[in-house]
Every structure is written in C-alpha cells, then in structure tokens.
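Here is a short report on one protein model. Keep the sequence and the 3D view open as you read.

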Amino acid sequence: MTGLSENSISTQLLLTLFDEEGVVHYGIAGNANPKLHIGDVTIPQYWTHTGLWYWQDELALEVSGDFSRRFGYLTFSDYNNYITKHSKSVTNLLNNVWFQAEEIFPVDGTPEVRQHAFWVPVDKTYFKFATKLKNVKLSSCVNTTTCLPRRPIVVRVDKGVSANVFVDNKAYREFLNSKFDATCIDMESAAFALVCLQQKKPFIAIRALSDLAGGGSALSNEADVFASLASQNALDVVVRFVSLLNS
C-alpha cells in the first residue's frame with residue numbers, strides 16, 4: 001500500500017482493533033545519502049512528512065500557530081534552468097513553499113487540543129536493539145551477472161523523509177539531504193510514525209535503499225534492477241529484528 005493517507009488509516013485501524021505492542025515497518029526507499037549505496041539497509045532515528053507545505057511568502061494565520069516558518073522553505077527560483085554563475089537570480093511566480101508540521105491529537109492528551117509534530121523519533125528501545133543488526137549478511141547480487149560493487153550493510157542513520165511523491169530528481173534529492181540530513185526517501189514511513197506517536201505505541205522503520213532517487217543515470221531508475229534485491233535485504237533484516245525482540 002503506497003501513500004501516507006492509506007497507511008495512516010490502516011495503522012490507526014490496526015492499533016484500534018488489536019492489542020498491538022508496537023509497529024515494525026519495513027520496505028524499500030530512495031537513497032539521498034552519498035555515503036551509502038544501493039542495497040544498504042537503513043534504520044532512521046527520526047521521520048518527517050515533507051509533503052505538507054504552505055505555498056506563499058506571507059503566511060496567513062501564522063500568529064495563531066496554524067502555519068510556521070520554523071522548518072524552512074524551498075525557493076523555486078533557485079532551480080531555474082537559465083540561471084548560470086554569471087547571471088543574477090530571477091524570481092519565480094511559484095515563490096516558496098514552507099514546510100509545515102503535522103497536527104496530532106495524542107490519546108493521553110486533552111481532547112480536541114492539538115499538538116504539532118515535525119521530526120518524530122522512533123522508539124528508543126527499538127533503535128537500541130537495531131545496533132545488533134549490523135552483522136546480518138545481505139544479498140549483493142540480483143543474478144549471476146548483476147552484482148553491487150560491495151556487499152550491502154545495515155546502518156542506523158539520523159533521518160528519513162516521506163511524502164506522496166516518488167522522488168526521481170537529482171536536485172530535489174540533494175535538497176532533502178542538505179536541508180534535512182535525509183538518508184532515505186519513501187512514501188509511507190512518516191504515516192506510521194505519526195499515528196504511533198499519537199497512539200503512544202513504539203515504532204521503527206527499516207528501509208533498504210533500492211535506488212538513488214534521481215542521483216544516478218538520467219536514462220533509468222535503479223529500482224528497475226535492484227528493487228527485488230533491496231526488498232529481500234529489508235525482509236532479512238526485519239526478520240532478524242523481530243527475532244531479537246522475542247528473545
């Protein structure tokens with residue numbers, strides 16, 4: 001299931017109807033971190049939703065706390081194709097988008113009183129357990145002729161980001177990494193993180209890197225070749241992680 005809305009609903013139903021101890025989410029993701037490689041399995045400590053924007057220079061209702069400038073912005077004119085090192089920046093009618101925090105209503109909070117959440121941490125105990133995953137042996141070959149340049153690794157990272165966008169764009173990939181220190185880019189994990197935060201349930205996401213999110217060849221996306229390998233690596237790690245929780 002792809003998309004934040006669908007996964008938010010399914011997670012909310014899961015936690016409402018069943019007595020779940022926690023949520024362990026896994027899958028594949030784009031890689032925004034130049035230090036890591038396709039096939040590596042990442043475990044971010046924080047997640048955020050980068051698809052909630054206020055699209056204007058002047059923020060209405062800013063005083064009342066509905067919108068904020070706290071988390072920064074993207075200026076479209078920084079990416080005009082005709083700007084060179086010898087020309088001045090030109091304004092763009094698209095202006096800026098300001099990244100916004102989500103609103104949550106915690107189960108142990110005051111009814112109808114919202115809280116804002118941007119960076120959502122995974123469960124501390126789960127994240128500590130993840131240190132025991134570094135020796136999991138991961139696949140490095142799709143077949144006998146298609147292999148990665150090195151064996152993939154399992155690594156804990158600082159941050160992952162989610163939005164209802166499949167990122168296959170070099171400039172936006174680099175922006176997400178430089179602005180938010182993002183390593184993995186997906187379309188679901190922040191939904192799980194936000195619902196678990198609201199429901200006060202432990203959560204962690206394990207994401208294998210299947211492509212470079214636009215940082216590779218302009219002719220094709222690496223996921224066409226390596227998605228199956230990355231999926232298997234993510235599965236191998238999550239199986240090991242669950243076994244550690246049960247030990």
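A residue is called buried under 20% relative accessible area, exposed over 50%, and partly exposed in between (1.4 Å probe, protein chains only). This is a predicted model: local features need pLDDT of at least 70, side-chain atom pairs count only at pLDDT 80 or more, and totals for chains, interfaces and linings use all residues. Residues are numbered from 1 along each chain as its sequence is written, and side-chain values use heavy atoms, with hydrogens and water left out.

**A surface patch**

Start with Ile9. Ile9 sits in helix 1, residues 4-17. Helices are DSSP runs of H or I with at least four residues, strands are runs of E with at least two, and both are numbered from the N terminus. Ile9 counts as exposed because its relative accessibility is 55%. Together with Leu13, Leu14, Leu17 and Phe18, Ile9 forms a nonpolar patch on the surface. The accessible area of these residues together is about 510 Å². That area comes from the Shrake-Rupley method with a 1.4 Å probe, and for residues only the protein chains shown count as cover. Patch members have over 30% relative accessible area and no salt bridge; nonpolar side chains (Val, Leu, Ile, Met, Phe, Trp, Tyr) are joined within 5 Å, like charges within 9 Å. A salt bridge is a side-chain nitrogen of Lys or Arg within 4 Å of a carboxyl oxygen of Asp or Glu.

**A buried histidine**

Now turn to His49. His49 lies in strand 2, residues 41-49. His49 is buried because its relative accessible area is 12%. Which side chain joins that of His49 in a polar contact of 2.6 Å? The partner is Glu102. A polar contact is a pair of N or O atoms within 3.5 Å; within protein, one must be able to donate a hydrogen and the other to accept it, and residues adjacent in sequence count only if both atoms are side-chain atoms. A polar atom of the His49 side chain also lies 3.4 Å from the backbone nitrogen of Gly51.

**The cysteines**

The structure holds one disulfide, a pair of cysteine sulfur atoms within 2.5 Å. Cys141 and Cys147 form this link, with their sulfur atoms 1.9 Å apart. The link is right-handed, with 105° about the S-S bond. Cys184 is in no disulfide; its nearest cysteine sulfur, that of Cys196, is 16 Å away. That distance is too far for a bond.

| Cysteine | Relative accessible area | Class |
|---|---|---|
| Cys141 | 36% | partly exposed |
| Cys147 | 38% | partly exposed |
| Cys184 | 0% | buried |
| Cys196 | 2% | buried |
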